[in-house]
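Hi,

Here is the structure I promised to pass on to you. Have a look at it first, and then read on for what turned up in it.

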Amino acid sequence: MSDPILSLTGVHINRGEVEVVHDVSLDVTPGAVTVVLGANGAGKTTLMDGIAGLAPVTKGTVSLGGQAIERLPTYKRALAGLGYVEQARTTFRTLTVEQNLLVAQAGKGDPATVFRLFPELDKRRGLQAGHLSGGEQQMLVVGRALVADPKVVLIDEMSLGLAPVVVQRLMRAVVDLVGLGIAVLLIEQFAHLALDVGANAYVLRKGRVVFDGPCSQLRGDSALLHEAYFGQAPTESETR
Ligand SMILES: Nc1ncnc2c1ncn2[C@@H]1O[C@H](COP(=O)(O)OP(=O)(O)OP(=O)(O)O)[C@@H](O)[C@H]1O
Ligand SMILES: [Mg+2]
């Protein structure tokens, strides 16, 4: 397997004065999806925010392409090749699809890459983003992270509130993304969907990594997945 493009070693992350992520070490490989799973409040978004510079890393190192980035401001991490699709889906609603991409371009990248990945957006490139469907808006949010030509894209719960068929469409796009050699770190509430496209998975519980291994190991073992999430084996009624 290729060397990781993004590596966390012994990382601790705070929310305000409170430490939420404890001693996390994690590797993200180019051309593959790395999955982060965990129950609500486990610290998944805080982990992403710490990598992106939106929450402070108080201990440990975050290295992107061999460069330590944990002390850099967010925009410099972006320039170093980090894209972030945040949990809250936001676009500039009164700008067109194409203008949204141009704003995010940061002097590099090419909207044509995004239009190839999402022909749906190509058809609507002159439309104000506020008029897109929920799924198309999510495509645009992913597109905005892509257009700056990132090495790694962090994706936090892009399926929120979307119909299953739309979520499947977005997952196919994630597979296309890693096909371009980009590394993806994916948080997803529908664990099975993420495990289907992922290579390796990390499960967080109360801010700590409690499982680290190939997705295939969790895919066929719902009891193991349940235990990783909640710290106990499922009861009989839950397995039925
Ligand atoms: N801005 C904040 N200030 C203080 N505490 C926060 C803040 N954001 C999150 N927390 C706390 O940090 C913990 C982890 O939250 P986080 O949002 O990282 O979890 P998550 O795994 O992303 O959850 P979800 O699946 O609901 O998105 C929770 O206990 C939460 O209450
Ligand atoms: Mg979250």
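This is a predicted model: local features need pLDDT of at least 70, side-chain atom pairs count only at pLDDT 80 or more; totals for chains, interfaces and linings use all residues.

Ile 155 has Leu 186 of strand E8 as its bridge partner.

E7 and E8 are part of an open sheet of 6 strands, ordered E6-E7-E8-E3-E9-E10, and its pairing is mixed. At the edges you will find strand E6 (82-85) and strand E10 (208-214); each has a single partner strand, so one side of each has no neighbour in the sheet. On average, neighbouring strands here are turned by 15 degrees against each other, with direction ignored.

What lies across this sheet? Helix H7 (residues 164-179) lies across strand E3 (33-37), E7 and E8, and it runs at about 155 degrees to E8. As a reminder for when you look at the side chains, those in a regular strand alternate between the two faces of the sheet.

There is also an open sheet of 4 strands, in the order E2-E1-E4-E5, and here the pairing is antiparallel. Its edge strands are strand E2 (18-28) and strand E5 (67-68), each of which pairs on one side only.

Within that sheet, strand E1 (residues 6-15) and E2 run antiparallel and are joined by 7 bridges.

Now for the whole chain. How many helices and strands does the protein have? The secondary structure comes to 11 helices and 10 strands. The radius of gyration is 18 Å, close to the 18 Å given by the globule rule for 240 residues, so the protein is as compact as a globular protein of that length. Along the principal axes, the C-alpha trace spans about 50 × 45 × 35 Å.

Two further figures may be handy for your own calculations. Of the 240 residues, 42% count as buried. Taking the contacts between residues at least 6 apart in sequence, 67% join residues at least 24 apart.

Best wishes

Technical notes:
Residues are numbered from 1 along each chain as its sequence is written. Chains are lettered from A and ligands numbered from 1 in the order in which they are written. Two strands pair if DSSP finds at least two bridges between them. Helices (H or I, at least four residues) and strands (E, at least two) are DSSP runs, numbered from the N terminus. The radius of gyration is taken over C-alpha atoms; the globule rule is 2.2 Å times the number of residues to the power 0.38. A residue is buried if 20 or more other C-beta atoms lie within 10 Å of its own, exposed if 12 or fewer, and partly exposed in between; C-beta atoms are placed from the backbone. Two residues are in contact if their C-beta atoms, placed from the backbone, lie within 7 Å. Axes are lines fitted to C-alpha atoms, for helices over the stretch in contact, and angles run from 0 to 180 degrees between N-to-C directions.
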